[in-house]
Amino acid sequence: MSSVVVVSSENLDEKQQSLTTSVVQAADKKVNLLGMSRAELEKFFEDLGEKKFRASQVMKWIHQFFVTDFAEMSNISGKLREKLEKICEIKAPEVVHRNYSKDGTRKWVFRVGEGEGSLVETVLIPAEDKTGARKTLCISSQVGCALDCSFCSTGKQGFQRDLTPAEIIGQLWMANYSYMEDVPVAERERTVTNVVMMGMGEPLLNYDAVLSSMRLMLDDFAYGMSKRRVTLSTSGVVPKIDQLAQDIDVALAISLHAPNDELRNELVPINKKYPLQQLIAACQRYLTKDGNESARRHVTIEYVMLEGVNDHPEHAQQLLKLLKNLPSKINLIPFNPFPHAPYGRSSRNRIIAFQKTLSDAGFVCTIRQTRGDDIDAACGQLVGQVADRTRRAEQWQKKVAQRQEILRTQG
Ligand code: SF4
């Protein structure tokens, strides 16, 4: 981000004039206000010689009325608008592809750099529940991912880079804006009701940017979302779960996918570093920061159903044992095969039997409805057609061959 030079002159007009000139001269490019937290914006305006409350005014224009043109910010003086126009911008990542499914699912592909590997995807899934209509946005935190979970198409791409706060919150901004672009500014409202940090990347490995973005999601001058409706999903970066517990109150989900270390080491390799016992203990610590209003009443356990791999009755029994002291809700996810995936989707009967074992033991266990198949937006297909920049595709093919061989010999 460009640096801002503060000058100290007693004459306000001269000071502002001088400041503007200094800022313009110091800026190698315009400062993007989109990803700035309230504290950062307040400092920004103070450095400009303006009052702190300008921050909350501008935040509302950006995140509640989806305005990118300073000229439309009618409660800001003409002089300040002019100044902002010169040195700032409000810029979401460029949309290179958008697709809206018949079932209401929406998908965007954003370009966040040069080259075909610099793409991230965001998916919005609508649903009805007892609280009314929900619109849940699945947000990406990194370009690609280093963790290489064996069932995940994003892992196949390798890690490119972390997203900035503007690129993360820009996904939420764009999803809201997509419903409001034809609505007069004064009538615009926030439409997305829930966020899951569950798209491309491991959010806890881009900690600062993700934390800053989630703070904007909860901020009343930005999206004002309920902390129970903002969920961070992790594959299990244990020390960062503890840090998260100190820093913010949001819901936690774990991409578990296996009930024992041997299988999880294969499916979610970070398990070799932070095995299940450590992970479950970290979840328990996360929930102990309690309170009636806390988002931390339970952990959501994500479990992708892979045919013949993790869907046997004994896996359900192992899962019961593993979770017996952890308040949790379990979400079974039918696997969405993608080209060259080494796994298949468990049969409907197998998934229902698995669910019954968990429900009979008293767990709330749901089966995720597969949505957005017609636009390739279902979970696990987030990478789409981006180039394979590593040798992982080759390794993938080997795993497919091995898996097919095992299935063949098992008859
Ligand atoms: S499942 Fe998540 S953590 Fe694992 S490779 Fe995919 S994006 Fe990364």
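Student: What makes the 10 strands an open sheet, and in what order do they run?
Tutor: This is a predicted model, where local features need pLDDT of at least 70, side-chain atom pairs count only at pLDDT 80 or more, and totals for chains, interfaces and linings use all residues. Residues are numbered from 1 along each chain as its sequence is written. The order is β3-β4-β5-β6-β9-β10-β11-β12-β13-β14, with mixed pairing. Two strands pair if DSSP finds at least two bridges between them. β3 (94-100) and β14 (364-367) each pair on one side only, and these are the edge strands. On average, neighbouring strands are turned by 20° against each other, direction ignored.

Student: How do you know that β5 and β6 pair?
Tutor: Count the bridges. Seven join β5 (residues 119-129) to β6 (residues 132-138), and the two run antiparallel. At least two are needed, so β5 and β6 pair.

Student: Why is C149 called buried?
Tutor: A residue is buried if 20 or more other C-beta atoms lie within 10 Å of its own, exposed if 12 or fewer, and partly exposed in between; C-beta atoms are placed from the backbone. C149 has 23, so C149 is buried. C149 sits in the loop between β7 (142-144) and β8 (159-162).

Student: Why does C152 count as buried?
Tutor: C152 has 25 C-beta neighbours inside 10 Å, so C152 is buried. C152 also lies in the loop between β7 and β8. Of the 411 residues in the protein chain, 39% are buried.

Student: What does C149 touch, leaving out residues up to four places away in sequence?
Tutor: C149 touches G155, S235, L267 and V268. Contact requires C-beta atoms, placed from the backbone, within 7 Å.

Student: Which residues does the "binding site" annotation cover?
Tutor: The unreviewed UniProt entry lists C145, C149 and C152. UniProt positions are given in the numbering used here, feature names are shortened, and annotations may be inferred rather than shown by experiment.

Student: Which residues surround the ligand?
Tutor: Among them are C145, C149, C152, S235 and S255. The criterion is a C-beta atom, placed from the backbone, within 6 Å.

Definitions and conventions:
Helices (H or I, at least four residues) and strands (E, at least two) are DSSP runs, numbered from the N terminus. Two residues are in contact if their C-beta atoms, placed from the backbone, lie within 7 Å. Axes are lines fitted to C-alpha atoms, for helices over the stretch in contact, and angles run from 0 to 180 degrees between N-to-C directions.
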